Amino acid sequence: MGETFSAMVIRECEGGGTAYAPETVDENFLPAGEVTIRVEYSSANYKDALALDPRGGVARGYPLVPGIDLAGEVVASDSPDFAPGDRVLAHGYDIGTGRHGGYAEWTRVPAEQVVALGDLSARDAMALGTAGFTAAMSVQALLSRGLTPDSGPVLVTGASGGVGGVAVDLLAAAGFEVVASTGKPQATELLTGLGAARVIGRLPEDPDAKIRPMGKQQWAAAVDCVGGTTLAYVLSTIDYGGAVAASGLTGGAALPTTVLPFILRGISLLGIDSVQLDIASRRALWVRLGTDLRPQHLSDVISEVAAVDTPAVLDDIRGGRHTGRAVVRVAGGF
């Protein structure tokens, strides 16, 4: 390379807290790895917002370039699997948490973390990003359990977020009756446009009510992006033999339930982790996201922000004020 480039960098401040601002850096700033990528797009996620806070439990140290997702073009490679000019993406593992991520014009990652873009553009891949990939993992997990449209309605909680919106889209496209739960009434039109048959408020309806271990059976299955009392409520209302694919904790990490839904109704709780998924499975699912699992309404859920403007969007995401997916324009975004 032999040149400088722009990056959004988080640095610790004396006395506590962090500062997050654009910087001009050089090749010495790049992390170790075999594949050097000119980043075109990234995305904005709740995890990226947490990386700004030393107490967020995400960043392993500073300085750090956030951006857990990235897509662009290979410019140099020490791996026989990739060559300059290849169109690629990378996400998960320690990207944006333990090594510099996608909010920089250049980055470098290990070859075993790189995925070919295939039929997706860099922008569309980042419109999906970790959130869309997690949604696809959730839907795939439910389908592998034998869920079919004839099984009954499927609930999606946190439906106006990145994971939830793509899950609604994928399930509706597969013929399911989707019930979308959200605390944002203004997202109703968006969610029905994605294919939701019905949009309801946050669950449980009474946030102060004690969650019963087993309530009225209402859903054949669910994609839960919230956790906490919402997940406890969802588990209590799943049909006998149903399943819940859980991936979120915006509602809290505690799970106030009992073993009763599991041992009396045969409910399955399927944990969804996209961070450490093996690379072979990751690459295979991305192929499907570019073909038969490609969301039908991706353009309806995305907004675009320049890399230099990510402080505001990350603040909105952490504050629960953002709806849909935010694509970060890195090339030309400084």
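The points below are a short note on the structure shown above.

1. The structure is a predicted model: local features need pLDDT of at least 70, side-chain atom pairs count only at pLDDT 80 or more, and totals for chains, interfaces and linings use all residues. Residues are numbered from 1 along each chain as its sequence is written, and side-chain values use heavy atoms, with hydrogens and water left out.

2. Six strands make an open sheet in the order β10-β9-β8-β11-β12-β13, with parallel pairing. The edges are β10 (198-200) and β13 (268-271); each has a single partner strand, so one side of each lacks a neighbour in the sheet. From one strand to the next the twist averages 20°. Strands here (E, at least two residues) and helices (H or I, at least four residues) are DSSP runs numbered from the N terminus, and two strands pair if DSSP finds at least two bridges between them.

3. Ser 181 stands opposite Ile 200 in β10. Helix α3 (residues 162-173) packs on the sheet, where it touches β8 (154-156), β9 and β11 (219-224); contact means heavy atoms within 4.5 Å. The direction of α3 makes about 160° with that of β8. Such angles run from 0 to 180 degrees between N-to-C directions, the axes being lines fitted to C-alpha atoms, for helices over the stretch in contact.

4. Helix α5 (residues 228-236) lies across β8, β11, β12 (238-246) and β13. The angle of α5 to β12 is about 155°.

5. Strands β1 (residues 5-12) and β2 (residues 18-25) pair in the antiparallel sense over eight bridges. They form a hairpin with five residues between them. Glu 12 has Thr 18 in β2 as its bridge partner. In the turn, Gly 15 has a positive phi of about 90°.

6. Thr 97 is in the loop between β5 (87-91) and β6 (106-109). Thr 97 counts as buried, at 4% relative accessibility; buried means under 20% relative accessible area, exposed over 50%, and partly exposed in between (1.4 Å probe, protein chains only). Leaving out residues up to four places away in sequence, Thr 97 touches Lys 47, Val 58, Ala 59, Arg 60, Gly 61, Leu 64 and Ile 68.

7. There are 15 salt bridges in the structure, each a side-chain nitrogen of Lys or Arg within 4 Å of a carboxyl oxygen of Asp or Glu. One of them joins Arg 108 to Glu 27, with the closest N and O atoms 3.2 Å apart. This pair links distant parts of the chain: Arg 108 is in strand β6 and Glu 27 in the loop between β2 and β3 (35-44), 81 residues apart. Arg 108 is buried at 16% relative accessibility, whereas Glu 27 is partly exposed at 30%.

8. Arg 321 forms a salt bridge with Asp 315 (2.9 Å, N to O) and another with Asp 316 (3.1 Å, N to O). Asp 315 is partly exposed at 46% relative accessibility, and Asp 316 is partly exposed at 27%. Elsewhere, salt bridges that share partners join Arg 38, Glu 40, Glu 73 and Arg 87 into one network.
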